[in-house]
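Reader: Hi! Could you walk me through this structure in plain words?
Author: Happy to. Here it is, and then we can start with one residue and its partner.

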Amino acid sequence: IFSAALIGIGIGIALVFLLEYIDDSIRYPEEITRGMGLPFFGVIPAANWDQEDVRTHLLSNIDQKSGLAEAYRNVRSALLFSATKKNIKTIAITSSVPREGKTTTSLNLAVSLAQAGMRVLLVDADMRRGELHKFFGLEAGRGVSDMLVGQIKPESVIQRTHLSNLDMIATGPFPANPSELILRPEFDAFINYAKRTYDRVIFDCPPLMAVSEAGIICSLADAVVFVIWAGQTSRKLAKL
């Protein structure tokens with residue numbers, strides 16, 4: 001029995017080390033700064049969102065004294081500190097792969113900045129499956145794609161949200177060629193207009209590994225916020 005117990009403990013320890021070796025996910029903040037050489041803005045704890053009512057995902061609709069609300073404010077503070085140094089106005093938010101929390105981060109970072117008194121424009125730049133409008137109960141029928149094909153001007157697609165200082169642009173009809181639309185001069189013209197009109201412009205981009213236009217938008221923005229799902233996102237994918 002004693003020998004069997006020792007063998008069992010040995011196998012258990014070996015399995016722990018094996019799983020640790022196989023696990024390629026990013027789990028700790030120091031892996032961001034040391035392993036990837038990027039500034040770390042903060043940790044957003046997991047939340048049990050109500051899937052039936054997406055409006056409850058808004059930072060303005062949760063307990064402002066909760067740890068979740070404070071976490072978003074911490075990220076806002078870190079971002080503003082960096083933005084002051086580099087005069088950052090346009091911010092692209094993306095991730096490696098889908099379902100890492102980039103849309104929720106875009107949404108609530110924009111809300112947090114608006115709560116701080118800044119005029120914020122939130123742009124749904126995912127022209128393949130963007131759904132930001134649902135969080136505010138707004139329409140998706142007109143938006144970024146209409147503007148980029150030259151049909152309407154930027155001010156015609158901006159929608160007012162129910163929150164002070166926060167406006168939004170939806171995707172509009174999903175186009176067949178979103179990467180080509182992003183390369184049109186209308187997108188540069190829109191960025192210049194947004195910079196003149198708003199204090200901060202937040203682009204909710206698609207995942208970098210999924211579509212090509214995400215990289216184009218990130219290259220045109222003043223800064224990029226990269227969202228990583230702790231314990232799930234592969235270190236290799238994040239470094240790519």
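Author: Let's begin with L121, which stands opposite V201 in β5. A strand here is a DSSP run of E with at least two residues, a helix is a run of H or I with at least four, and both are numbered from the N terminus. Before we go on, this is a predicted model: local features need pLDDT of at least 70, side-chain atom pairs count only at pLDDT 80 or more, and totals for chains, interfaces and linings use all residues. Residues are numbered from 1 along each chain as its sequence is written, and side-chain values use heavy atoms, with hydrogens and water left out.

Reader: What holds paired strands together, in general?
Author: Strands of a sheet pair through backbone hydrogen bonds, either parallel or antiparallel.

Reader: So what is the order of the strands in the sheet?
Author: The sheet is open, has six strands and runs β3-β4-β2-β5-β1-β6, with mixed pairing. Its edge strands are β3 (159–160) and β6, each of which pairs on one side only.

Reader: Which helices pack on that sheet?
Author: Helix α4 (residues 102–115) is one of them, touching β1, β2, β4, β5 and β6, and its direction makes about 165 degrees with that of β5. Helix α9 packs on the sheet too, touching β1, β2, β4 and β5, at about 140 degrees to the direction of β5. For those angles, axes are lines fitted to C-alpha atoms, for helices over the stretch in contact, and the angle between N-to-C directions runs from 0 to 180 degrees. Touching, or contact, means heavy atoms within 4.5 Å.

Reader: Back to β5: is it enclosed or open to the outside?
Author: Five of the five residues of β5 are buried, so β5 is largely enclosed by the rest of the structure. Buried means under 20% relative accessible area, exposed means over 50%, and partly exposed is in between, using a 1.4 Å probe and protein chains only. Both faces of β5 are covered, with R200, I202 and D204 on one side and V201 and F203 on the other.

Reader: Why is the pair of F187 and F190 called tilted?
Author: Their ring centres are 6.4 Å apart and their planes are at 40 degrees, so the pair is tilted. F187 and F190 are three residues apart in helix α9, about one helical turn. Both F187 and F190 are buried. F190 also pairs with F203, this time edge-to-face, at 6.3 Å centre to centre and 85 degrees between the planes.

Reader: Which ring has a charge over it?
Author: The ring of Y198: the charged end of R119 sits over it, 4.6 Å from its centre. The cut-off is NZ of Lys or CZ of Arg within 6 Å of the ring centre and within 35 degrees of the ring normal.

Reader: New topic! Which residues of helix α10 are buried?
Author: In α10 (residues 213–220), E213, A214, I217 and C218 are buried. Seen down the axis of α10, these buried residues fall within an arc of 140 degrees, so they line one face of the helix. The arc is that of the directions from the helix axis to the C-beta atoms. The buried residues of α10 pack against β1 (90–95), α8 (178–182), α9 (185–197), β5 (200–204) and β6 (223–227).

Reader: Last one: where is S95, and what does S95 touch?
Author: S95 is in strand β1, and S95 is buried with a relative accessible area of 0%. Leaving aside neighbours within four places in sequence, S95 is in contact with E100, K102, P207, L208, F226 and V227.

Methods. Rings of Phe, Tyr and Trp (its six-membered ring) pair if their centres lie within 6.5 Å; planes under 30 degrees apart count as stacked, over 60 as edge-to-face and the rest as tilted. Two strands pair if DSSP finds at least two bridges between them.
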